[in-house]
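Trainee: Could you walk me through a few side-chain features? I'd like the general idea each time, then the case at hand.

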Amino acid sequence: MSKTSSMGRGMMAVLAVGARHASGHAGATVADVAGLLDKDRSQVSRSLKGAQQAGFLTRSGQREYSLDWSILADAQLVTEQRLKTNGLAALEGLAAETSEACFLGVLSGNSTVTIAEQVPASANLVGSWLGRPYPAYCSDAGQALLWDASDEEVRKILESVDFAQHGPNTPVSVDDFLDRLRAARERGYSIVDEEAEPGLYSLAAPIRDFKGEVTAALQIVGPKSRLEPQRESLAVALRSWSEWLESTAGGRVRPADTLPGSIGNS
């Protein structure tokens, strides 16, 4: 007798349907899945019907089972909500730990947009960046948001960009940007050193969602004269909070008492 639970058999059936999708098929019949799993058709039929009732699969008039993409859409909505709520917690914690301005940004076309911010009075930054786009090739979040993009994808995103100079160290071309992106990946976080504007310095790290895709970037931004000497300690705080935020965005929520920094340990 098989030791696999009914839930396990159901997940195997769902994964088999997913494998059919990945190979270019619209769906899978009971016979298709039974063949893939080398299982009895009656057992596979029960597993597929159970997965359909649970909302993981749909069934067509041709008796083919397909993945129910509404599950993915629901998961995406949950992730976006977690990013907003837990993003604020991460920003508050990171700002409290570093006493610097902290931002959460997303990619929009070839620009980045700030969706949340925490600016302590000690940061001495005036104004808000909420909802304001900035060119990704020189923004504080740009490299982090394009962290996993291939060279070809980066070139596609930036193909129509005029590499205007915003600071003394602004990238002058796609190749220049790619060189900086590769260095950031090796370092483990990006440094934008007077690329967005003169005297401005920032560190940023990518945040991935439950699909493993970069969905946001967590940033520390401030005057170069103050941040650059503290780069290593700021990087430690950034890494700690970005890992926590990524764990919540990815659906692996940690208990509140494991929050990094001053909020969780006070």
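Predicted model: local features only at pLDDT ≥ 70, side-chain atom pairs only at ≥ 80, totals over all residues.

Trainee: How many aromatic pairs does the structure hold?

Mentor: Rings of Phe, Tyr and Trp (its six-membered ring) pair if their centres lie within 6.5 Å; planes under 30 degrees apart are stacked, over 60 edge-to-face, and the rest tilted. Here there are two such pairs. Tyr137 and Phe163 make a tilted one, 4.6 Å centre to centre with 50 degrees between the planes. That pair links distant parts of the chain, 26 residues apart. Trp241 and Trp244 form an edge-to-face pair, at 5.9 Å and 80 degrees. Because they are three residues apart in helix H9 (residues 231-249), about one helical turn separates Trp241 and Trp244.

Trainee: Are Trp241 and Trp244 buried or exposed?

Mentor: Buried means under 20% relative accessible area, exposed over 50%, and partly exposed in between (1.4 Å probe, protein chains only). Both Trp241 and Trp244 are buried, and so are both Tyr137 and Phe163.

Trainee: Next, salt bridges. What does Arg226 form a salt bridge with?

Mentor: Side chains of opposite charge can pair when their charged atoms come close. The cut-off is a side-chain nitrogen of Lys or Arg within 4 Å of a carboxyl oxygen of Asp or Glu, and by this rule the count is 11. Arg226 pairs with Glu100, with the closest N and O atoms 2.8 Å apart. Arg226 sits in helix H8 (residues 224-227) and Glu100 in the loop between H4 and strand S3 (101-108), 126 residues apart. Glu100 counts as buried because its relative accessibility is 2%, while Arg226, at 25%, is partly exposed.

Trainee: Which residues are linked with Asp148 in a network of salt bridges?

Mentor: Arg208 and Glu246. The Asp148–Arg208 bridge is 2.9 Å, N to O.

Trainee: And what does the side chain of Asp140 make a polar contact with?

Mentor: A polar contact is a pair of N or O atoms within 3.5 Å; within protein, one must be able to donate a hydrogen and the other to accept it, and residues adjacent in sequence count only if both atoms are side-chain atoms. For Asp140, the partner is the side chain of Ser202, at 2.9 Å.

Notes
Residues numbered from 1 in each chain as written. Heavy atoms only, no water. Helix = DSSP H or I, 4+ residues; strand = E, 2+ residues; numbered from the N terminus.
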